[in-house]
Amino acid sequence: MSEQRQRDTGRPAARDDAAVLTFVERFAAQMVDAGMQRMPARVFCCLLASDSGVLTSAELGERLQVSPAAVSGAIRYLAQVGMVSREREPGSRRDRYRVHSDQWYEALTRRDSVLTRWEDVLREGVESLGEESAAGRRLGETLAFTEFMQQELLGMMDRWRDHLAVLRTEGTAGEGAPGPDPAPRR
């Protein structure tokens, strides 16, 4: 690996690229098993495994051995769901793609908004079916479950922010982790 590329990517010279790619593929396979599309999972994991958390389309294509079109489609999807952001290199026409240190928080926050929308629709369903009908009771249980999950998710995210602040204070949250304010409280 050239010294310039090493500076650009922030990757140490001693890194075993084959081992990193093995990790990327294994973690991406787990994400695919959980329901994510294959190429976005691979691109996300590749960004996650880069020291800087930022790569260009060409770097992603080179590391994953895929076409620019495959990277572009994956980035489009990941940006739409808020898992990566696009940045322009100052003075350049090249875009860079960044995975954020709080991507899991953001993903769960989006899940929270999905649960809120589900709750609204489920309430309407219970009303339209009637609370005492078999279908109304079933929807009522589903509504109670989503309300329970949302409350648990909010509490869990508060506990996570507190835990992450401790990790960052101790310096055990990982290299390159941002400062002590992990995410805004809602």
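Reader: How close do the axes of H3 and H5 come, and at what angle do they cross?

Author: Two packed helices are described by the angle between their axes and the distance between the axes. In this predicted model, the axes of H3 and H5 come within 8 Å and cross at roughly 85°. H3 is therefore roughly perpendicular to H5.

Reader: Which residues of H3 and H5 make the contact?

Author: From H3 come Met39, Pro40, Val43 and Phe44, and from H5 come Ala70, Ala74, Ile75, Tyr77 and Leu78. By class, the contact of H3 with H5 holds 9 nonpolar residues, no polar and no charged.

Reader: At what angle do H3 and H4 pack, and how far apart are their axes?

Author: The angle between H3 and H4 is about 105°, and their axes lie 10 Å apart. Angles of 65 to 115 degrees count as roughly perpendicular, and H3 and H4 are therefore roughly perpendicular to each other. In this contact, Arg42, Val43, Cys46 and Leu47 of H3 meet Leu60, Arg63 and Leu64 of H4. The residues concerned divide into 5 nonpolar, no polar and 2 charged.

Reader: Let us turn to H5 itself. What length does H5 reach, and what would be expected?

Author: Helix H5 spans residues 68-80, which is 13 residues. From its first C-alpha to its last, H5 reaches 18 Å, close to the 18 Å expected at 1.5 Å a residue.

Reader: Which residues of H5 are buried, and which are exposed on the other side?

Author: The general idea rests on the helical repeat. An α-helix has 3.6 residues a turn, so residues three or four places apart point the same way. In H5, the buried residues are Val71, Ala74, Ile75 and Leu78. Viewed down the axis of H5, these buried residues fall within an arc of 100°, so they line one face of the helix. Ala69 and Gln80 are exposed on the other side of H5.

Reader: Against which elements do the buried residues of H5 pack?

Author: Their partners are helix H3 (38-49), helix H4 (57-64), strand E2 (84-88) and strand E3 (95-99). Within H4, the buried residues are Glu59, Leu60, Gly61, Arg63 and Leu64.

Reader: Where is Gln65 found, and is it buried or exposed?

Author: Gln65 is found in the loop between H4 and H5. Its relative accessibility is 65%, and Gln65 therefore counts as exposed. The phi of Gln65 is near 60°, a positive value in a residue other than glycine. A positive phi also occurs after H5, where Gly82 has a value near 75°.

Reader: For contrast, in which helix is the place of Gly136, and is Gly136 buried or exposed?

Author: Gly136 has its place in helix H7 (residues 134-170). At 2% relative accessibility, Gly136 counts as buried. Leaving aside neighbours within four places in sequence, Gly136 is in contact with Val126, Leu129, Gly130 and Glu131.

Reader: Finally, how many helices and strands are in the protein chain, and in what order do the elements run?

Author: The protein chain has 7 helices and 3 strands. From the N terminus on, the order is α-α-α-β-α-α-β-β-α-α. Of the 186 residues in the protein chain, 32% are buried. Among contacts between residues at least 6 apart in sequence, 53% join residues at least 24 apart.

Conventions. Residues numbered from 1 in each chain as written. Predicted model: local features only at pLDDT ≥ 70, side-chain atom pairs only at ≥ 80, totals over all residues. Heavy atoms only, no water. Helix = DSSP H or I, 4+ residues; strand = E, 2+ residues; numbered from the N terminus. Expected span 1.5 Å × (residues − 1). Buried < 20%, exposed > 50% of the residue type's maximum accessible area, 1.4 Å probe, protein only. Arc of directions from axis to C-beta. Contact = heavy atoms within 4.5 Å. Axes fitted to C-alpha atoms, helices over the stretch in contact; angles between N-to-C directions. Parallel < 35°, antiparallel > 145°, perpendicular 65-115°, else oblique. Nonpolar A, V, L, I, M, F, W, Y, C, P; charged D, E, K, R; others polar.
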